[in-house]
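Let's work through a few exercises on how two chains meet. Keep the viewer open as you go.

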2 protein chains.
Amino acid sequence: MKANIMYAAGDVRVEEMPVPEIQKPTDVILKVVAACICGSDLHPYHKMHAHEHGEGEAMGHEVIGRIDVMGSEVSGFKKGDLVVVPFAYGDNTCPFCKEGLMTSCVNGGFMAGCQAEYVRVPQAQGSMYKLPDDIDENSPLLPSLLTLSDVYGTGYHAAVMGGVNENTTVTVIGDGAVGLLAVLSAKKLGAKKIILMGRHKDRTDLGIDFGATDVIAERGEEGIAKVKELTNGEGTHVVLECVGLMPAYEMSLGAVRAGGVISRVGVPQYVEAPVGFASLFGRNITLTGGPAPTRAYMEELLPDILDGTLEPGRVFDVTVDLDGVPDGYRAMDNREALKVLIRP
Amino acid sequence: MKANIMYAAGDVRVEEMPVPEIQKPTDVILKVVAACICGSDLHPYHKMHAHEHGEGEAMGHEVIGRIDVMGSEVSGFKKGDLVVVPFAYGDNTCPFCKEGLMTSCVNGGFMAGCQAEYVRVPQAQGSMYKLPDDIDENSPLLPSLLTLSDVYGTGYHAAVMGGVNENTTVTVIGDGAVGLLAVLSAKKLGAKKIILMGRHKDRTDLGIDFGATDVIAERGEEGIAKVKELTNGEGTHVVLECVGLMPAYEMSLGAVRAGGVISRVGVPQYVEAPVGFASLFGRNITLTGGPAPTRAYMEELLPDILDGTLEPGRVFDVTVDLDGVPDGYRAMDNREALKVLIRP
């Protein structure tokens, strides 16, 4: 089968690989129907060092697929079922999964290898979410349904952990797919003032469609000053940090209101950060967030997609086949594409 | 009048000073009835540099006093009223105060100079809380009532911000007055498992009286391992960090359960700390806390003290007059005293 393998920064190749096989009785093999490239895939695309023995990394952690082979311990599904899989798989029965935190499942881990014809899903019974029978390969809803795997669930996690509701003002930092879907999520949770910080007009325009009430293109101190201007000098109750770089963290500190919450879902590309009296402590700022347990949000987020109320799949602006994935990485890296959909 | 002034690390002196006067019409001058030395006073006691022109700092931010002089804009009180004052004063009318965050009051600040015969209270009308008429200078409840000024309210703030309830397991780091009252607060909020980390048996014994179910004397990795042993390898849902030093922060990271909360009320003596994937983010740990808006908790915490249900004042184990304050600092610094009560 064809699969996309990353060997080093900037080096993604389509290669012929063996179709994955069941390794544990809790596995399922899916035939990939739709996958995509994630903003977080750009982190290794920028800085991955070649492995010592030349081996590569099978890329892709977001997938909708049809069940092709079922492990012997997987029940409640059948061959041919169309399912969406969270980027963080888990058994959905351990104490953490039961509390909605599959990203800390005792049997959990992160999906890999979805940018391929077939992919193995560990802990498949707990992880897979079956799509309604009237959804098939040709459904126009597939892109939106695929966002349940990661980016919509991640934006929603940011908003939920941030405590967004109808009384909170919100700043969203980042106009990538997660940032835009954090806007959509804040709107869904009732926020009336949603400030989107981003510099790419085509993206921030989509953010306005998703519910942003204000857009700030400026960054750093200038961007913070604009947030203050829009909020009576106070900052917003919640900041959804959807980037993961230190300047975004620093902007969050400036944009958040005393007593407010910074909710991070951009994977931090730093180890330490200011948390002392002058940054978080003195103003009782809460720092929260983390990898999103997207499986836990699927039931909740599905209906709005099925009935057409919300279209998170609008974040996909380029579609490629498996051969087009390396170009897809380049396009996302060059900001020519917001998010690339893969149809094998 | 007599007042205690700190000139440099280890150098506190009783001096003759002018009685403070009204500076703004929102001020009140109190005759001090009870004050105390705070664990946080030990931070400058360890590291304060002498000021260039030799001036000192008037010490003490916790006080119960009788109103002696009222500014012209203070109403709802009268001369002679016995009041307790939060260590962070405020107008109690600004948006932040209305939300219970007087520590971020737009007209707020921190009390100073309570270790004296008289003290000026800025924003007095919003800050002062009148004690019931049957409480006077001789009430055995005074020590407990004085803890409403800071340490009890601070321990309670830790527990509230940490989301402690009957379903959360709790680790309290630190066996100082705030740590012990964080234990009391966690118990009051219904926590059934409260692990107190501290090395001073007389203090941890009081912690057990206050509701601690387990005591861990070990620190660092050894201490973390003990917390894990007591919690099925998971850590506790909440960690109340009542120290403010980096080793306590690091211990919090180890003791907290995935998806849990670290609530800090120990004033951080560091600027940066680990917050990346391996520390907070990967396990969706929330970091919260800050200076406690103790005024906001007074109504809530008073009844248990008045009816004798709770005795937070048991944290005071030494009483001095104003001349005894420098010795009180030494005793607290040497861990001979847990917390020193001052009766001028």
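**Exercise 1.** How many residues of chain A are in contact with how many residues of chain B?

*Solution.* This is a predicted model, where local features need pLDDT of at least 70 and side-chain atom pairs count only at pLDDT 80 or more, while totals for chains, interfaces and linings use all residues. Residues are numbered from 1 along each chain as its sequence is written, chains are lettered from A in the order in which they are written, and side-chain values use heavy atoms, without hydrogens and water. Taking contact as heavy atoms within 4.5 Å, 38 residues of chain A touch 38 residues of chain B.

**Exercise 2.** State the area that the two chains bury between them.

*Solution.* Start with the accessible area (1.4 Å probe) that two parts lose on being put together, summed over both. Chains A and B bury about 3,000 Å², with 59% of it on carbon and sulfur atoms. Next, look at V275(A), F281(A) and N284(A): they supply 23% of the area that chain A buries against chain B, more than any other three residues.

**Exercise 3.** Find the salt bridges across the interface.

*Solution.* Look for a side-chain nitrogen of Lys or Arg within 4 Å of a carboxyl oxygen of Asp or Glu. The rule finds two across the interface. One of them joins R257(A) to E99(B), with the closest N and O atoms 2.8 Å apart.

**Exercise 4.** Which residue of β16(B) is the bridge partner of E272(A)?

*Solution.* Strands are DSSP runs of E, at least two residues, numbered from the N terminus, and two strands pair if DSSP finds at least two bridges between them. β16(A) pairs with β16 (residues 272-274) of chain B in the antiparallel sense over three bridges. The partner of E272(A) is P274(B).

Notes. Helix = DSSP H or I, 4+ residues; strand = E, 2+ residues; numbered from the N terminus.
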